[in-house]
Amino acid sequence: MPENVFLRGDEEWWRQAVVYQVYPRSFADSNGDGLGDIRGITSKADYIAQLGVDAIWLSPFYPSALADGGYDVDDYRDVDPKLGSLADFDEMLAAYHERGIRVFVDVVPNHSSNLHEWFTEALAAEAGSAARDRYIFRDGKGEHGELPPNNWPSHFGPTSWTRTTNADGTPGQWYLHLFAPEQPDWNWDNPEIIEDFKKTLRFWSDRGVDGFRIDVAHALKKDMSEPYIEIIDYDVKRIPLDGTHPLFDRDDVHEIYRGWREIFNSYDPPRVAVAEAWVPPERRPAYASKEGLGQAFNFDLLASDWSAKQYRHSIDFNMKLAKKSGSSSTWVLSNHDVVRHVSRYGLPKKTNLDQWIMSDGTNPQLDVELGTRRARAATMLLLALPGCTYMYQGEELGLLEVPDLPGEVLQDPIWLRDGMTHKGRDGCRVPLPWTREGSSYGFGSGGAHLPQPSWFGEFSVEAEEGVAGSTLELYREAIAIRKQLQTAEDLEWVHSLHPKVVHFKRPNGWHCITNFGKKPITLPHGTVRLTSSPLIDGRLAGNSTAWITED
Ligand code: NOJ
């Protein structure tokens with residue numbers, strides 16, 4: 001098997017890495033068509049290197065009609081011509097590898113797009129044919145099959161079933177899609193699907209890709225036997241702990257990943273993977289195990305309030321889970337599916353974020369200063385934790401959510417599927433601002449596929465670069481200092497007299513103290529290495545984090 005000549009060495013590099021998520025269509029546009037592309041990503045290799053991260057993860061860049069931001073894949077082994085070519089991809093990979101930065105790609109194995117050649121074939125084929133067996137087709141209920149096979153909802157709206165039309169124009173079978181109708185679910189009981197995904201993993205690994213992010217990793221295996229159980233929603237809290245849910249977290253899903261592990265380990269260095277698995281936390285270690293994908297996202301902090309108690313609990317709990325799995329824990333505050341964390345932390349607790357976006361961000365009022373302080377403090381806390389931090393493009397600029405995108409520009413399928421009651425996730429996917437002014441704030445020369453607000457320039461790289469105290473400089477400094485201080489994958493809690501303080505130390509005496517309250521607190525003795533906001537008379541201000549090393 002080909003070796004990754006640039007990045008051989010420590011096989012455990014991923015355990016305490018910083019991984020930066022690139023959402024390709026909104027990162028940088030090299031050809032002025034308003035859409036970010038692969039060459040755009042290449043052009044920013046120095047910027048990413050300066051940030052100091054260990055790896056980037058690219059959300060899907062495959063051919064796609066964008067029914068779900070690229071998570072509807074027409075061809076798993078190609079680059080969307082609107083984003084470039086495989087040659088561009090190879091060039092991009094080389095540019096990052098030369099700078100010591102690894103590259104993950106996104107694998108979307110639960111569903112393809114409706115434009116995938118196998119789905120087109122399936123639609124043209126007979127009920128019961130081999131072509132249909134690659135997906136999940138069923139006859140409808142009711143006298144003429146006019147009712148969907150069951151009541152299962154889709155994540156994006158009322159039903160997970162869509163009826164097909166036969167060649168003669170009569171209504172036909174129904175197919176299952178847990179997301180948009182343009183995202184038909186694969187049938188993972190079919191060996192052809194198993195083989196085809198192995199081919200995809202080898203295809204990208206052979207090109208030198210270092211890792212994979214696995215979309216909806218918990219949903220591949222399904223129990224489609226009748227009678228179907230009624231399912232009202234997909235709340236993780238309702239997924240049983242014994243692997244008996246018909247759609248999610250079934251025990252046999254791990255057979256698939258054991259097969260993938262053999263492929264990953266056949267490379268030098270072994271390829272790595274991280275599971276996006278929305279399962280009860282106790283079930284996460286199985287995805288993160290050495291025999292499986294090796295790592296799983298932990299979204300607990302992303303879902304936490306700004307609360308010392310919740311943070312302490314989540315950290316403690318996830319450290320234990322990580323030990324159980326033999327993997328390191330992951331930590332995440334933002335990604336392409338959630339409201340940016342500066343905005344989350346600048347809103348009152350219990351704000352319904354969907355409703356806030358529906359009010360165009362006017363109700364309740366966002367406190368930008370507070371959100372920024374807390375977000376910076378939270379980032380420093382995450383970067384001090386043992387394990388791997390995943391960050392989302394633009395968070396290093398302190399970028400806010402764009403809640404006031406008008407309905408007519410929205411791309412997220414949630415908007416239309418849910419009867420225009422949820423605007424969805426476009427507000428965190430607005431193309432990045434690179435310059436203070438100019439066409440699309442330096443994103444490209446031909447506008448941006450989602451409109452950028454007039455305040456975007458203030459958050460641009462140009463506005464923050466070299467500016468002491470800017471969020472960009474804080475990220476750069478924090479990541480650099482983290483690298484110097486990195487140590488064994490453990491922590492010890494340090495008791496604080498203040499209930500609103502989270503204080504832990506790493507085995508080498510690296511202390512991280514976060515003040516979740518409002519009042520300044522006295523810091524322990526030692527050298528202050530970095531703070532997320534200026535000290536007040538030597539004390540740590542409210543909503544701030546400090547890193548201290550013992551003298
Ligand atoms: C999770 C991805 O993060 C999200 O963006 C996508 O809509 C769903 N999976 C479906 O692929």
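In what order do the five strands of the open sheet stand? In this predicted model, the order is 11-12-13-15-14, and the pairing is antiparallel. Two strands stand at the edges: strand 11, residues 492-493, and strand 14, residues 527-531. Each has a single partner strand, so one side of each is left without a neighbour in the sheet. Strand 14 pairs with strand 15, which spans residues 544-549. Their pairing is antiparallel and runs over four bridges. Within it, Val528 stands opposite Ile548 of strand 15.

Helix 8 lies across strand 11 and strand 12, the latter formed by residues 501-505. The angle between helix 8 and strand 12 is about 30°.

Helix 8 also takes part in the lining of a cavity. The structure holds five cavities of 30 Å³ or more. The largest cavity contains about 100 Å³ of space. Its lining is made by 13 residues. Nearest the centre of the largest cavity lie Arg284, Ala288, Ala296, Leu321 and Ala322. Two elements give two or more residues to this lining, namely helix 7 (284-288) and helix 8 (308-325). Helix 8 gives the most, with four residues. By class, the lining of the largest cavity has seven polar residues, five nonpolar residues and one charged residue.

A further contact joins two helices. Packed helices are described by the angle between their axes and by the distance between those axes. Helix 3, residues 86-98, packs against helix 5, residues 191-207, at an angle of about 55°. The axes of helix 3 and helix 5 are 10 Å apart. The angle makes helix 3 oblique to helix 5. On the side of helix 3, the contact is made by Leu86, Phe89, Asp90 and Leu93. Helix 5 supplies Phe203, Trp204 and Arg207. Five residues of this contact are nonpolar and two are charged, with no polar residues.

Key:
Residues numbered from 1 in each chain as written. Predicted model: local features only at pLDDT ≥ 70, side-chain atom pairs only at ≥ 80, totals over all residues. Heavy atoms only, no water. Axes fitted to C-alpha atoms, helices over the stretch in contact; angles between N-to-C directions. Parallel < 35°, antiparallel > 145°, perpendicular 65-115°, else oblique. Contact = heavy atoms within 4.5 Å. Nonpolar A, V, L, I, M, F, W, Y, C, P; charged D, E, K, R; others polar. 1 Å grid on protein atoms, 1.4 Å probe; cavity = no way out; pocket = protein on both sides within 12 Å on 5 of 7 lines; lining within 4 Å. Points joined across faces, edges and corners; volume = space filled by probe spheres on them. Pairing = 2+ DSSP bridges.
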